[in-house]
Amino acid sequence: MSAPRGQFSSNIGFLMAAAGSAVGLGNIWGFPTKAAGNGGAAFVVVYLLLAFMLAYPALMAELTIGRHARRNMVQALRGISTGPVSRFFANLAGFGGIVVASLILSFYAIVAGWMVAYLADPFANLFGMSGAAEWLTGNSTARNLTFTAIFSGMTMLIIAAGVEKGIERWSTLLMPSLIVLLLLLIVYVLTQPGAMTGLEVYLMPDFSHLSPELLIAAMGQAFFSLSLGVGTMLIYGSYLSRQESLPRLGALVTLIDVGIAFTAGLLILPAMYVAQEAGTQIFSETGELIAGPGLILQVLPALFDSMGTAGLFVAIAFFALMVIASLTSSISMLEVPVAFTIENLGVARRIATPLVGLVIFAISSAIIVNFDSLFGLVVSASTEYGQPLLGVALCVFAGWIWRRDQLLAELQKGHEDIKQTLFWKIWPWYVRIVCPLLILAAFIQSVI
Ligand code: PHE
């Protein structure tokens, strides 16, 4: 038998960890820029609908399976399988989740590494080290390898400390800091000239953008943002006590995730228009708002530069926010393969963590060295193919393969009056039929 499993010490601890996983670069960078490019509030509305109608039910599938099995994704899916065929698919989906979580981490750590380098940059400027500052913001392979290594090292340190002392402790510390930083930045940016134009672009709905593409973009964003499909939420659920109500906690995680994504839009869009007011180009040659790396690595830094000394502190706050958001997400990704290594291979956490972490860092390094050919490929294989397909698999396991009475019994734990709720009446068939069909339909649309 392996060592005793970790467990979150309280529901707040779980909430901070799961919300920490959900809230990441996807919220602060992905959501606002997708909204800006897809009709502003029209996208926001569709996103809200999809988050609650599709992502939340899928999240509940992961949390329920995880808490019931109290094991990693491979063992959890095997445990609820009922025959050789479902067992085969359990292995396929279980290992698929571990591979996809690792691949997401391998590119996420590179982007997060940029954030760490840009956080170090204002400090270098404060101390008059202009050569160092230039290196930090120059896009060299050495810089990228160094900072991906630093970020991966931080992720490993937290995961090596375990569920309660690592994941829970750091998420509980970092998530409130994230919210404070975000709010402070919003207050500052909204007082700058140009901010209101940005707010308008963000909040005025342009429903002419409504299209299948918008739906697919919103669904992909919701899946990525709630960390679905790859077993992060499953494994966090497996560390959750049976005294807590799953539907309530899942709804809170969804609310926090959506709330912070929406709030981040109040920062990013106004900041872009403030940058424009200060003379920075914010539209690409094709006339679209710059949304890719250019936004975070050029537009916003140019804005901070134009703010003089205050800009140094704003830059520190902004990139600290990005690093915090990334870190509480990256730990949840690393926990997926680490939990598997601990539970299936019987390796101790302190050894499993650096072992798995180094393998993933090796993948990141390969991506950095072949950036142009590999980065986009890994992003799209993991998030456009891996996540939706695994999401379907998890809904099928929860809805069709897992014995109904066990599923319902698990939901009742920690929520005695659940039979009176709408959730009880809708979710069990919804996760069976509507979720997999909707995800599949959107997936097929996007692939075609
Ligand atoms: N939800 C995270 C974000 O929004 C990304 C993530 C994806 C985390 C998959 C874990 C698993 O940035």
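**View 1. R67 is buried, as is E410.** Buried stands for under 20% relative accessible area, exposed for over 50%, and partly exposed for what lies in between, with a 1.4 Å probe and protein chains only. The model is predicted, so local features need pLDDT of at least 70 and side-chain atom pairs count only at pLDDT 80 or more, while totals for chains, interfaces and linings use all residues. Residue numbers start from 1 along each chain as its sequence is written, and side-chain values use heavy atoms, leaving out hydrogens and water. A salt bridge joins the side chains of E410 and R67, at 2.7 Å from N to O; the term requires a side-chain nitrogen of Lys or Arg within 4 Å of a carboxyl oxygen of Asp or Glu. E410 sits in helix α17 (residues 404-412) and R67 in helix α3, 343 residues apart, so the pair links distant parts of the chain. Helices are DSSP runs (H or I, at least four residues) numbered from the N terminus.

**View 2. E410 also forms a salt bridge with K413.** The closest N and O atoms of E410 and K413 are 3.5 Å apart. The relative accessible area of E410 is 0%, whereas K413, at 33%, counts as partly exposed. A network of salt bridges links R67, R242, E410 and K413. The structure holds six salt bridges.

**View 3. E335 and R349 meet in a salt bridge.** The N to O distance between their side chains is 2.9 Å. Because E335 lies in helix α14 and R349 in helix α15, the pair ties together parts that are 14 residues apart in sequence. E335 is buried at 0% relative accessibility, and R349 is buried at 17%.

**View 4. Helices α13 (residues 293-306) and α14 (residues 308-345) cross at roughly 145°.** Their axes come within 6 Å; axes are lines fitted to C-alpha atoms over the stretch in contact, and angles run from 0 to 180 degrees between N-to-C directions. On the α13 side, the contact (heavy atoms within 4.5 Å) is made by I296, L300, P301, F304, D305 and S306. The α14 side gives G308, G311, V314, A315, F318, F319 and M322. These residues divide into nine nonpolar, three polar and one charged, where Ala, Val, Leu, Ile, Met, Phe, Trp, Tyr, Cys and Pro count as nonpolar, Asp, Glu, Lys and Arg as charged, and the others, Gly among them, as polar.

**View 5. S364 is a buried residue of helix α15 (residues 349-369).** Its relative accessibility is 0%. Leaving aside residues up to four places away in sequence, S364 touches S106, A109, I110 and T148.

**View 6. R70 has a positive phi without being a glycine.** The phi value is about 55°. R70 is placed in the loop between α3 and α4 (73-79) and is buried at 18% relative accessibility.

**View 7. S227, likewise not a glycine, has a positive phi near 55°.** S227 belongs to the loop between α10 (212-225) and α11 (232-238). With a relative accessible area of 10%, S227 is buried.

**View 8. V45, L48, L49, F52, M53, F207, L210, L252 and L255 make a nonpolar surface patch of about 790 Å².** Two or more residues of the patch come from each of α3 (41-69) and α12 (246-277). Helix α3 gives the most, with five residues, and L255 is found in α12. Patch residues have over 30% relative accessible area and no salt bridge; nonpolar side chains (Val, Leu, Ile, Met, Phe, Trp, Tyr) are joined within 5 Å, like charges within 9 Å. Accessible areas follow the Shrake-Rupley method with a 1.4 Å probe, and for residues only the protein chains shown count as cover.
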